[in-house]
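Subject: Structure handover

Hello,

Here is the structure we discussed, with its sequence. My notes on what was found follow below it.

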There are 2 protein chains.
Amino acid sequence: MAVRLGIIGLGPRAETLVAAMRDLPLIEVAAICDIVPERVEKMLSIFKRDGKPLPRTYADYHDLIADTSVEGVLVPTSWNSHLAIATEAMEAGKYAGIEVGGASSIDELWGLVHASERTGVSCMMLENCCYGRNELMVMNMVRKGLFGELVYAEGGYEHDLSEMALAVESGNERAIHNRFRRCDLYPTHQLGPIAKTFDINRGNRFLSLTSSATKQVGFEARAAAHYGHDGKWGDVRFAQGDVVTTVIKCARGENITLTHCVSLPRPYSRHARIQGSRGIWSEDCKGIYVEGVSRRETLLDIAGNPYEECHWDPVEKFYEEYDHPIWREYAKSGLVGGHGGMDGLVLSAFADAIRDGRPTPIDVYDVAAWMATTTLSEQSIALGSAPVAYPDFTNGKWMTRGRDATSGRFAL
Amino acid sequence: MAVRLGIIGLGPRAETLVAAMRDLPLIEVAAICDIVPERVEKMLSIFKRDGKPLPRTYADYHDLIADTSVEGVLVPTSWNSHLAIATEAMEAGKYAGIEVGGASSIDELWGLVHASERTGVSCMMLENCCYGRNELMVMNMVRKGLFGELVYAEGGYEHDLSEMALAVESGNERAIHNRFRRCDLYPTHQLGPIAKTFDINRGNRFLSLTSSATKQVGFEARAAAHYGHDGKWGDVRFAQGDVVTTVIKCARGENITLTHCVSLPRPYSRHARIQGSRGIWSEDCKGIYVEGVSRRETLLDIAGNPYEECHWDPVEKFYEEYDHPIWREYAKSGLVGGHGGMDGLVLSAFADAIRDGRPTPIDVYDVAAWMATTTLSEQSIALGSAPVAYPDFTNGKWMTRGRDATSGRFAL
């Protein structure tokens, strides 16, 4: 029997989620909700086109949350509303699935944590990149010991979204955040998989960070190029720096460097790097080096003195032996949904936990720790890059929780 | 007529410098000096083998500095001695060429600056990477405006030198620094070319930095693997973190992120990235993207909504049109010396300035600002990654000095 989900907020992200769920028999979209009637109509037309049963429709999200047939709620709404809605959904006993993003305050994260603890249902971030093939494989290799002791990681959200400068006019909330805030607004695509690999909240935790922002050029140039210097939309000032660099310290002694860069022209990268005492993966170098497996040679310099050189292996070389069991199993049955199959996997993980009444593989402590990065990055930048501390949202439980805090077929 | 240089300190780096100078008619090695007689003998045998005139030899570097026939002094000695020796050489009216590395105190840098200002001779760091083909070409593209307004840069010294753990026993000074200090010990290979491209000390300057170090695993594992846990060399503690991340803020609003990683197995990288409002170079991605030149295409996501994708051009694509004039000219006559021709170029730049009595292209203000990074990184890490400020070694002159502060054929 399918798990019955409701969707609150029917923007473009809801459309890609629905496209992924179309081919997931585990999930039935039982209800949809948006305050804008045209979005509801557009979504219904997609269900009709796909020959799917039509979901019940709501304009007020409180009504969808009160719908007793709905078991879990997806909340791809704006960054200013999704945490409050997810908190309400959990208080009504429903699993909440939120989209990626960062928090505006530490308080809204505590609210989420308390709601989940009080009710026993999960809040999961639908962080699809946790289910990316390479991210999963490297996690698998790390757990098998190939990378030795973990020491360092990097991640970035590097994606030319400078067109957002033109969305301020329409009140687009992501654009508004970039207009008014100066911080890593979008840390989780990279930080999610790193946190899972580093056992954050399960024997490890984020301790503190420093964050630094460059000046702002990209958004303002884009706006001026489009509108001209009109004293209005073409002269809007953006607080956001073009490149924000954040360095996080972990309790076990690892550091994580994050880069946020969405207003400059460049090819997309999540800039992934996972490094241990015996191995390293670099997305940008398209390679993995494992001591004793990858090639190391001794050469002579111009004066005849020897030096050593290590060589990357292509990432693909390791797929056959080290693909993660999750990827291996679901690749067999055909990966579904956008972003290379990651959307289908993350939605399946959410629904699978609801069906079994288990905690989701990404839980409320993960959500709180990851999303706090945005708020703390903003604070550090405001303080001239001074170090700021992460709250311990587990209240000490991170020291005794194991990775088995989440079981199930999609456990990370 | 050749420029007559003396060399103080005849270790392995001196050997590669001599190998590069063998084919540079502009330079005559007139004198060599080392406190260890075997090193002097070994160097003399290299001159004999190469059929070169034998230099005068000294055991005490004061005597070499006093040698009136020597016009400039190369000081590839240890990190604890080269700044003091360079200062003495300048006080004797001789140009000083020091090797790469970082400073132990801000005071030793002020000493260098004052000596150069008082005597009017230059102290140049022989930072060969400033003359790397890609570094030069990207600087050329930036100056031609292809990258738009500069915003951000990255650099790294990522090189598996974990064998240094075994050199502590012999008193190797670089190993000793890694044993006792926790900081970016070796910032200039990346920072030098970035600083030149960012006009540091010529309209721009380093303002402050934050620095963070991971735990130490690599050196200690290497020592234990070699010696066993012997309570002595196999149990030496290293203060150095395996990965040190430093973020520098510049007066014009750019940031620079540096990575120091010398104790973990991995392929070599200087991790270069130069990014502006219209273009980016990434060494690890082996690519350059320039808006309006490189390919950008519009694609559709799974729900049918459009998104844009930018594509890297290979770096080599730009050589024909944008190779730096320095590279172009010297490639014609054949590049000499190690490290892909960079050694020959940087030595030629030093000798060329001496011959003409001009300032060197990398001057004492550059040396001081670049090397201060090590000291300040150490302070920031000791303060829990608190931001610390760079001194202004130019005492305000950076605001009015232009790039033409250094002219000549090797100006950067």
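**A hairpin in chain B**

S9(B) and S10(B) make a hairpin with four residues between them, and B:Gly253 in the turn has a positive phi of about 100°. Please keep in mind that the model is predicted.

One of the bridges joins B:Thr246 to B:Leu258 in S10(B). S9(B) also pairs with strand S8 (residues 206-213) of chain B, again in the antiparallel sense, over seven bridges. There, B:Ser208 stands opposite B:Lys249 of S9(B). Strand S9 of chain B spans residues 244-250, and six of its seven residues are buried.

**Nonpolar cores**

The largest nonpolar core has 126 residues. The members that touch the most other members are B:Met21, B:Tyr131, B:Phe147, B:Phe206, B:Ile256, B:Ile274 and B:Ile288. Helix H13 (residues 364-382) of chain B gives the largest share, nine residues. Domain 1 (3-129) and domain 2 (131-324 + 363-393) of chain B both contribute residues, so this core lies between them.

What does B:Phe206 touch, leaving aside residues up to four places away in sequence? Its contacts include B:Ile248, B:Lys249, B:Cys250 and B:Ile256, and also B:Ala369, B:Trp370 and B:Tyr390.

A second, separate core holds 125 residues, among them A:Val40, A:Ala153, A:Ile194 and A:Tyr322. As general background, nonpolar side chains in soluble globular proteins tend to be buried together.

**Aromatic rings**

Over all chains, the count comes to 15 aromatic pairs. In one of them, the rings of A:Trp110 and A:Phe393 have centres 4.8 Å apart and planes at 55°; the angle falls between the 30 and 60 degree limits, so the pair is tilted. A:Trp110 belongs to helix H5 (residues 106-119) of chain A, while A:Phe393 is in the segment after strand S17 (388-389) of chain A, so the pair ties together parts 283 residues apart in sequence.

Are the two residues of this pair, A:Trp110 and A:Phe393, buried or exposed? A:Trp110 is partly exposed, at 21% relative accessible area. A:Phe393, at 3% relative accessibility, counts as buried.

An aromatic cluster is formed by A:Trp79, A:Tyr157, A:Tyr186 and A:Tyr268.

Charges over rings turn up in both chains. A:Arg133 lies over the face of A:Tyr319, 3.6 Å from the ring centre. In chain B, the charged end of B:Arg133 sits over the ring of B:Tyr319, 3.6 Å from its centre.

Regards

Notes. Residues numbered from 1 in each chain as written. Chains lettered and ligands numbered in written order. Predicted model: local features only at pLDDT ≥ 70, side-chain atom pairs only at ≥ 80, totals over all residues. Heavy atoms only, no water. Core = buried A, V, L, I, M, F, W, Y, C linked by side-chain atoms within 4.5 Å. Buried < 20%, exposed > 50% of the residue type's maximum accessible area, 1.4 Å probe, protein only. Helix = DSSP H or I, 4+ residues; strand = E, 2+ residues; numbered from the N terminus. Domains from an automatic or database assignment. Contact = heavy atoms within 4.5 Å. Phe/Tyr/Trp six-rings, centres within 6.5 Å; stacked < 30°, edge-to-face > 60°. Lys NZ or Arg CZ within 6 Å of the ring centre and 35° of its normal. Pairing = 2+ DSSP bridges.
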